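Visitor: I am new to reading protein models. Could you take me through one, feature by feature?

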Amino acid sequence: MVRDLLTIAELGRDGLLEVLALAERTDLGTPLAGKGVALVFQKPSARTRNSMEMAVVQLGGHPVYIQKDEVGLGTRESAEDVARTLACYHQIIAARVMDHEDLLRMAAATERPVLNMLSDKSHPLQALADLLTVRQLTGKLEGAKLAYVGDGDNNVCRSLAEAASLVGAELVVASPEGYGLPDTLDNVRQVVDPAEAVEGAEIVYTDVWVSMGQDDETETRLKAFAPYQVDEALIGRCPEAWFLHCLPARRGEEVTDAVMECGKSAVWRQAENRMHTARGALAWMLEG
Ligand code: CP
Ligand code: NVA
């Protein structure tokens with residue numbers, strides 16, 4: 001059975017917990033020895049590219065970073081033909097795409113496992129690191145109280161919500177009307193008021209208001225999200241809570257400098273966990 005990893009919902013609860021367990025193991029060896037992993041990027045990246053490259057190296061493999069214009073996914077060549085070509089050389093094909101549909105087409109075209117490194121719909125590698133971080137900080141997943149303040153309809157929030165729901169964490173998402181989570185999920189509640197979302201929270205999470213590819217909506221979005229900034233007043237409502245952000249952060253928009261730098265900010269631990277969970281995800285895919 002080919003182990004693609006395209007969304008958290010498809011990974012499922014068992015898969016998710018297996019990846020987290022693999023992420024914390026130090027005896028994975030070098031299952032990628034002599035093998036390549038293709039890393040195709042249609043959008044910029046700091047964390048995903050670097051954490052994936054290092055995770056591949058730690059498993060003994062060779063990462064090949066491929067920029068947008070090099071393969072021209074869907075322009076120079078179809079998504080299917082790109083996937084079939086990369087499958088000739090690589091054990092795993094990983095891609096960051098504008099359109100989630102391209103990942104489905106790549107996965108359908110090859111027997112090699114395909115890994116989603118972010119699409120318009122989901123960011124499973126981020127959610128895996130988020131959950132590992134939540135478990136390290138609070139000592140649990142089931143019953144952990146999470147608040148997400150901001151764009152509920154973006155890739156990061158969707159994957160976080162799927163993950164929280166699968167493990168029984170309680171997530172409250174606060175978003176302006178029209179920008180809420182598209183799905184109804186067990187243990188996930190949508191509200192409009194940020195203060196209501198952070199009430200009793202152990203984790204407060206936010207992400208940018210304008211995701212990559214949404215630049216033409218910048219003005220409307222900045223207006224709609226202005227009351228959703230995570231500032232000291234908002235986190236002052238739950239002083240014990242840890243602050244998380246997938247990064248990159250637009251300081252002064254969705255979060256203030258003071259919150260990013262406060263003693264309860266765990267954003268760098270979260271960023272480091274991207275590498276450990278990337279290693280876990282790759283190891284899980286290789287077991288297929
Ligand atoms: N969080 C995240 O995916 O960061 P990059 O866009 O820098 O990879
Ligand atoms: N929602 C953001 C996440 C970046 C890691 C974006 O898609 O730009």
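This is a predicted model: local features need pLDDT of at least 70, side-chain atom pairs count only at pLDDT 80 or more; totals for chains, interfaces and linings use all residues.

Visitor: Which residues are around ligand 1?

Guide: A residue is near a molecule if its C-beta atom, placed from the backbone, lies within 6 Å of it. For ligand 1, that gives Ser-45, Ala-46, Arg-47, Thr-48, Leu-118, Gln-126, Cys-246, Leu-247 and Pro-248. Domain 1 (31–122) and domain 2 (125–271) each supply at least three residues of this shell. Those bounds come from an automatic or database domain assignment.

Visitor: How do the residues of the shell around ligand 2 divide?

Guide: Sort them by type. Ala, Val, Leu, Ile, Met, Phe, Trp, Tyr, Cys and Pro count as nonpolar, Asp, Glu, Lys and Arg as charged, and the others, Gly among them, as polar. The ligand 2 shell has 4 nonpolar, 3 polar and 1 charged. Its members include Asn-154, Asp-207, Met-212 and Cys-246. Cys-246 is also one of the residues around ligand 1.

Visitor: Which residues touch the most other members of the largest nonpolar core?

Guide: In soluble globular proteins, nonpolar side chains tend to be buried together. A nonpolar core is a set of buried Ala, Val, Leu, Ile, Met, Phe, Trp, Tyr and Cys residues joined through C-beta atoms within 7 Å. Buried means 20 or more other C-beta atoms within 10 Å of a residue's own, exposed means 12 or fewer, and partly exposed is in between, with C-beta atoms placed from the backbone. Here the largest core has 93 residues, and Ala-94, Leu-146, Ala-147, Ile-203 and Val-204 touch the most other members. Both domain 1 (31–122) and domain 2 (125–271) give residues to this core, so it lies between them.

Visitor: Is Tyr-179 exposed, partly exposed or buried, and why?

Guide: Tyr-179 is partly exposed, because it has 19 C-beta neighbours inside 10 Å. Its contacts, leaving out residues up to four places away in sequence, are Asp-151, Gly-152, Asp-153 and Ala-224. Contact means C-beta atoms, placed from the backbone, within 7 Å. The C-alpha atoms of Tyr-179 and Gly-150 are 8.2 Å apart, though 29 residues separate them along the chain.

Visitor: Where does UniProt place the carbamoyl-P binding domain?

Guide: The unreviewed UniProt entry puts "domain: Aspartate/ornithine carbamoyltransferase carbamoyl-P binding" at residues 3–136.

Terms used. Residues are numbered from 1 along each chain as its sequence is written. Chains are lettered from A and ligands numbered from 1 in the order in which they are written. Two residues are in contact if their C-beta atoms, placed from the backbone, lie within 7 Å. UniProt positions are given in the numbering used here, feature names are shortened, and annotations may be inferred rather than shown by experiment.
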